[in-house]
Amino acid sequence: MEEMNASIRYDKRLYRQDIAGSQAHAAMLARQGIIAAKDADAISHGLVTILSEIENGTFQFRDDLEDIHMNVEARLAELIGPAAGRLHTARSRNDQVATDFRLWIRDRIDLHRQQILDLVKVLVDRARQHAETVMPGFTHLQNAQPITVGHHLMCYVEMFGRDRDRFGDCRKRLNECPLGTAALAGTSFPIDRDGPSRELGFDRPCANSLDAVSDRDFALEYLAANAICSVHLSRLAEEIVLWSSTPFGYATLGDGFTTGSSIMPQKRNPDAAELVRARLGRVQGALTALLTVSKALPMAYSKDLQEDKEQVFDAADTLSLSLSAMSGILREIQFDKEVLRQAAGTGHATATDLADWLVREVEMPFREAHRVVGALVGLAEDAGCGLADLSLEQLQSVCKHIGEEAMAVLGVENSVASRRSYGGTAPCEVRRQIGIWEEKLKCAS
């Protein structure tokens, strides 16, 4: 039972939050005249000593004391004697752990939002460097239309920007303080719940004592935001793995984020990107696990909720490391502009540009233009060449309306430059979007 019941092996990570909550609670008890000021002072000094011991590595954690709360309380009793027993007045471990956990997740949200900001800065910087670098744009992993590397990287800026906002929204909802709701029903002591709430940086106390001790929505929402962000990291990692592979050859990764082979001396393996891609599984698993733990739990607190922390801790560590790794990968990655340009023109990638030209210049209905260009693509494939390699005579053999000026739209640079619509891939539009984000980053910093 001791082995099953103990959570100190992992919940000791809550020590800072636990001590901060206890400091705020003891100060409130003294202000309200519930405990003597001298006892509150002794408790405060004792808690400072315990914090120092834990951070210095001299604190002895004991499994038989079950969790971080009882470990701290037992050590406090050793340091200050019977006054330590007054700390738990008007408080339960139920509201204590709910408070600690909210504080811990809030701290991790702040860390993740800063890490995402750092990653976005790297992406924006690399996008500016490659605002004109042409590359293939894909649908179904088939060459579709030419785009720019800058445009592609700015796609991820938008995705990670939403992730940062999602964590911010989660922070707003979790920022209510359970402290003072006790086991489930509140307390008969004349406590002040607003004071500790403010001191701990919460916006307000939780409004319902049952909800305060049993709610884990904040952890679920945190894991959901974590999982979505990890999906975006995994997608970017997958593209980096593809881009740096020999068949693609679009980019070269820095030595700091690749490894060699144990047998093949020529290999440079994208291990960091592959691990970022894979670790999404751990984060998704954490979300599924906590959803399952939370399902069908009656009010208020059940021991099941002790199983809420390990997966959250692991997901937090995983995301933090993955964000740092991705920033490092993108700082060092080098794009091969010539390979990218050549690849951008393969697969008749400017076919849509020719169809658009027929609509624009000849006033041909788009569906008819689509059919004409499809026939030209077939002609090019029969001739074993690209659409841009067909002669004017060959083009006119299918559609007499095609003139010399149509040949210009078949170049990848012209194709990219023409897509100046809001959010498009034209270098001028990419730079405009980069400028918008650079202003956002100044405000966020």
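Where is His140 found, relative to strand E1 (134–139) and E2? Select His140 to see: the residue is in the loop between these two strands. Helices (H or I, at least four residues) and strands (E, at least two) are DSSP runs, numbered from the N terminus. His140 has a phi near 55°, a positive value in a residue other than glycine. With 77% relative accessibility, His140 counts as exposed, where exposed means over 50% relative accessible area, buried under 20% and partly exposed in between (1.4 Å probe, protein chains only).

This is a predicted model, in which local features need pLDDT of at least 70 and side-chain atom pairs count only at pLDDT 80 or more, while totals for chains, interfaces and linings use all residues. Residues are numbered from 1 along each chain as its sequence is written, and side-chain values use heavy atoms, with hydrogens and water left out.

**Whole chain**

Along its principal axes the C-alpha trace spans about 100 × 55 × 40 Å.

Colour by burial next: buried residues make up 49% of the 445. The accessible surface comes to about 20,700 Å², with 51% of it belonging to carbon and sulfur atoms. Accessible areas come from the Shrake-Rupley method with a 1.4 Å probe; for residues, only the protein chains shown count as cover.

Among contacts between residues at least 6 apart in sequence, 75% join residues at least 24 apart. A contact means heavy atoms within 4.5 Å.

**Cores**

Select Ile105, Phe160 and Met326. Of the 91 residues in the largest nonpolar core, these three touch the most other members. Helix H10 (residues 217–243) gives this core its largest share, 14 residues. A nonpolar core is a set of buried Ala, Val, Leu, Ile, Met, Phe, Trp, Tyr and Cys residues joined through side-chain atoms within 4.5 Å.

Stay on Met326 and show its neighbours. Leaving out residues up to four places away in sequence, Met326 touches Leu119, Leu233, Leu236, Ala237, Ile240 and Val276.

Then select Leu354, Leu358, Val373 and Leu410, which are included in a second, separate core of 21 residues.

Go to Thr148, in strand E2 (residues 142–148). Is Thr148 buried or exposed? Its relative accessibility is 0%, so Thr148 counts as buried. Not counting residues up to four places away in sequence, Thr148 touches a set that includes His130, Glu132, Met135, Val416, Thr425 and Val430. For a distance check, draw a line from Thr148 to Asp215: they are 67 residues apart in sequence, and their C-alpha atoms are 46 Å apart in space.

Next is Asn71, in helix H5 (residues 68–80). Asn71 is buried, with a relative accessible area of 2%. With residues up to four places away in sequence not counted, Asn71 touches Ile8, Phe59, Gln60, Phe61, Arg62, Leu65 and Glu66. Tyr15 is 56 residues from Asn71 in sequence and 9.7 Å from it in space, C-alpha to C-alpha.

**Backbone stops in loops**

Select Met299 and Ala300. The peptide bond from Met299 to Ala300 is cis, with omega near 5°. Ala300 is in the loop between helix H11 (271–294) and helix H12 (310–332).

Move on to Glu363, in the loop between helix H14 (351–361) and helix H15 (366–383). Phi of Glu363 is near 60°, a positive value in a residue other than glycine. Glu363 counts as exposed at 69% relative accessibility.

**Last selections**

Arg367 is in helix H15. Arg367 is exposed, with a relative accessible area of 63%. How many Å separate the C-alpha atoms of Arg367 and His69? The separation is 70 Å, for residues 298 apart along the chain.

Finish at Glu404, in the loop between helix H16 (392–398) and helix H17 (412–418). Glu404 is exposed, its relative accessible area being 54%. Glu404 and Leu392 are 12 residues apart in sequence, with 6.8 Å between their C-alpha atoms.
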